[in-house]
Amino acid sequence: MRSPRILPVIGAAALALAACSGNTTPQADTTASSDDTQVPSRELVLNVYAAASLTETFEELESSYEAAYPDVDVRFNFAGSQDLVAQLSEGADVDVLATANESTMKKAADAGQVDAQTLFASNSLTLITTPGNPAGVTGLDSSLDGVKLVICAPEVPCGKLTQTLTEKLGVTLNPVSEEQAVTDVRGKVSSGQADAGIVYKTDALAEGDAVETIDIAGADEAVNKYPIALVTASTKKDAGQKWIDLVLSPEGQALLGEAGFTPVNK
């Protein structure tokens, strides 16, 4: 085995040879070839603000869109619809807005912030519990007594829908918390912080085996319809319209259906 003490000597000798050599040809620039293989950066950023319940579906559609339009980088902001509209009002850079109900989008329309709206899907509610349903929840009934139930706040589309549905069914709920986004409700249940929650059917599907689903009798009597629109102030309306077209396309509608939405063309 070569002794480590020889290495400095070899290094010094190499330096000496380089210094004495008359060859002044510069070494090849290896960084140039590396740069040549890099994928060119996308020229245009399309900001899509969408309801939290659309997260999984829209992220799947992103791949198809960017493959078709490689110069566009789609960036999302997923949150409660009321928060999205508030951010738009505060001057956020938004190109496309998709909300989880019509009344929230109407606030943006009344303020002159969005162009014509198009409905692309609808959604209904269901109960979720921790795996195995240890609390024994059977529906919006007395089985919820003493159960740690979480729901969406009434100003959130899923919360407003919960309120509408319970009023139709004549049910009074006693939640331990009201969340600002439906994803927060499902997160509290899947993590075990709550025994049960009321979410969209799409959110129950998205959680998979992390939750158990309990159907709500009469849930179809109250649904939320999802509108999408170009933001009036956007300077990228062509790219934005192409995103809307993808959502409304057979591919987009099929993905929405697989996620538990009722597509607009169904």
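Which residues of the largest nonpolar core touch the most other members? Bearing in mind that this is a predicted model, they are Leu54, Phe58, Phe120, Ile198, Ile228 and Trp243, in a core of 58 residues. Helix H9, residues 237-248, supplies the largest share of this core, namely five residues. Apart from it lies another core, this one of 12 residues, which includes Tyr49, Leu97, Met105 and Ala108.

Turning now to strand E5, residues 125-129, five of its five residues are buried, so the strand is largely enclosed by the rest of the structure. In a regular strand the side chains alternate between the two faces of the sheet. Here both faces are covered, with Leu125, Leu127 and Thr129 buried on one side and Thr126 and Ile128 buried on the other. E5 runs antiparallel to strand E8, residues 196-200, to which five bridges join it, and antiparallel to strand E9, residues 212-214, through three bridges. Leu127 has Ile198 as its bridge partner in E8 and Ile214 as its partner in E9.

Finally, there is Arg186 in helix H7, residues 182-190, which counts as buried because its relative accessibility is 8%, under the 20% cut-off. Beyond its sequence neighbours up to four places away, Arg186 touches Glu56, Ile128, Val199, Asp203, Ala206 and Glu207.

How values were computed: Residues are numbered from 1 along each chain as its sequence is written. This is a predicted model: local features need pLDDT of at least 70, side-chain atom pairs count only at pLDDT 80 or more; totals for chains, interfaces and linings use all residues. Side-chain values use heavy atoms; hydrogens and water are left out. A nonpolar core is a set of buried Ala, Val, Leu, Ile, Met, Phe, Trp, Tyr and Cys residues joined through side-chain atoms within 4.5 Å. Buried means under 20% relative accessible area, exposed over 50%, partly exposed in between (1.4 Å probe, protein chains only). Helices (H or I, at least four residues) and strands (E, at least two) are DSSP runs, numbered from the N terminus. Contact means heavy atoms within 4.5 Å. Two strands pair if DSSP finds at least two bridges between them.
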